[in-house]
Amino acid sequence: MKDVGQSIPDSSLSRIPEVGCAPIGSPVERRLAELWESAPGWRGWLSTVDHKTIGMRYLVTAFVFLLMGGVEALIMRLQLARPDQTLLTPEQYSQLFTMHGVTMIFLYSLPILSGFSNYLWPLMLGSRDMAFPRLNALSYWIFLFAGIFLYASFPLGEAPNAGWFNYVPFAGLEYNTGPNIDVYALGMVLLGISTTVGAINFIVTLFRMRAPGMSINRVPILVWGTLTASVANIFAVPSVSLAFFLLWLDRQVGTHFFDVLNGGKPLLWQHLFWMFGHPWVYAVVLPAMGIVSDALPTFCRRPLVGYSAVALSTMATMLLGFGVWIHHMFATGLPTLALSFFSAASMVISIPSAVAVFAWLATIWLGRPVFNTPFLFFAGFVILFVIGGLSGVMTAAVPLDLQLNETYFIVAHLHYVLLGINVFPVVGGIYYWFPKFFGRMMSETLGKWSFWVMFIGFNLGFFPMHVAGLLGMPRRIYTYAPHMGWTTVNMLTSVGSFVFAAGILIFLVNILVSLKRGVPATSNPWDAPTLEWAVPSPPPAYNFAVIPFVASRHPLWEDRLGEGVGRSSLEQGYLLMEGRETIGTTPLDATPDIILKMPDDSYAPFFLGLFSALIFVGLLLHWRDFTLLMAAACSLSLIVWMWPRKALVQRVPDIECDKETAHV
């Protein structure tokens, strides 16, 4: 066996993998393509477990939900642009307002980041797939069906209508007798299943699927951000799922968990919801911060300043995030000692975020920035991050929060945090990884136009909301009187919202034009340092023909930085061709210790997701027999999923390694 920097102990494997390279067009590469490519047509579309396909589906679906949530926002802004508007009735506004929040917070913010991570993680980590490919497919199908479940109520006029936070007692049966809240409760439990299985997959992938040599202190910051969010979701999602399940029991079975007249506690809802809600804020921010931390250094032509500090601050942010949920409840009459503790914690949590900001600024200052479109979006994100963070620190002060809590100041803060800090890294990330996704470059001219229109529109739209809040404009109102003094700021917000939407439209035009006419991209058009840029654009189905050995944080910049082993560690690696296989490594040091057999494509995830969604349809419509039938169908799908298969084994001839044609 040739040495590639790290060998596999003989006692740890049933066989020792060969070491070498796989030239383009060789029998090895052709064999890998046969093993990993999905079937053509609708069969492959339904059965594929390829992480790249699933990641792209997440990206497209979540972006469609972003557009739907944006249209809802524009309709609301038309209603609020002038006083005494009658475009919407109060009930229509409540449903629109609720579905806008549900869409942007639950159906867009985290799923779009899951799309990036699903697509990029194995490529960044030097693996051929995620740890549980079929579970990965299941998470997407359940996410899709949960979104359809929630939106199917909209055309019927029975959409959720108690706000995305769904506070009781208004969400209780005594005030809300229609199916609106039941749709929300069941839809959120279904969506929680998708989030949970996805989180488990990310965690196991990180700890067992890294390339040999990629120790835990060499993984990209995007991986740290998604890992932290996934660990948090494992603990946070059960809290909100329990809250929605208890509410459904109150409404359908006659329990009294939140009913004051029968000994229930409305504040129990707020505690359960915000024990999930505040960690969720960081779950939809930390991976976006990871996108910036990994992509920004590429355009600054130097590594990220303070890698270890940024990685630790990522974990510290989420850890502290579990201890600040009560700052959403300062106005509920809690004891002063509790208010003081959570106020202090809410201020302390700004420290790790500031560490990341200073790391980005230092990277720009010490580097040689190239002002391409992705760089503009990442730099704009830093500005919005600071504005959103400062307004968050303001509301951490109890006396000020008591004045601002129910005003539009909080709406402004929420949009800077959940929209500005998420959308700008996402759009910048799409510009950055578009060549890897599709093998074509996006237009720089249209890209810069989209940035400036979006940046100006965002601040014109949402900064005046701070002023509206300071002027006393309450949240969740569908109209206002002319003499209140809010007309000018609301008109500015409405105009800014449409300008921002125009920027999104330019971005979409750029995507469509670039897919057809974009300049063909090389494997590494940005001269980036991370491992995903070592494979062709777009990547082959198997990702890596050979599993590489990683010797530094910047595998593609080793020579210029003087890192690694002093030679290319990606030209040759472990050859695995006996079925769908990849290398498993130890959690911390990434020492290879097992050859993992990966599952084939299967229809089971699609049908399990579909039948699971239909169970919730049966619960909503009180179809007992239908619900039991769908439960049986789920059991059958699981049997098909777990049915044992014969190992796929076929030896291939030894190939001489030609470095000039090696498939890296």
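## Rings and pockets: worked exercises

R57 lies over the face of W45, 4.6 Å from the ring centre; a charge counts as over a ring if NZ of Lys or CZ of Arg is within 6 Å of the centre and within 35 degrees of the ring normal. The model is predicted, so local features need pLDDT of at least 70 and side-chain atom pairs 80 or more, while totals for chains, interfaces and linings use all residues. Residues are numbered from 1 along each chain, and side-chain values use heavy atoms, leaving out hydrogens and water.

**Exercise 1.** Classify the ring pair W141 and F606.

*Solution.* Start with the rule: Phe, Tyr and Trp (six-membered ring) pair if their centres lie within 6.5 Å, and planes under 30 degrees apart are stacked, over 60 edge-to-face, the rest tilted. The whole structure holds 63 aromatic pairs. For W141 and F606, the centres are 4.9 Å apart and the planes at 80°, so the pair is edge-to-face. Finally, both W141 and F606 are buried, meaning under 20% relative accessible area (1.4 Å probe, protein chains only).

**Exercise 2.** Do likewise for W164 and F165.

*Solution.* With 6.0 Å between centres and 65° between planes, W164 and F165 are edge-to-face. W164 and F165 are each buried.

**Exercise 3.** Sort the nonpolar, polar and charged residues lining the largest pocket.

*Solution.* Nonpolar covers Ala, Val, Leu, Ile, Met, Phe, Trp, Tyr, Cys and Pro; charged covers Asp, Glu, Lys and Arg; the others, Gly among them, are polar. The lining divides into 28 nonpolar, 16 polar and four charged residues.

Notes: Buried means under 20% relative accessible area, exposed over 50%, partly exposed in between (1.4 Å probe, protein chains only).
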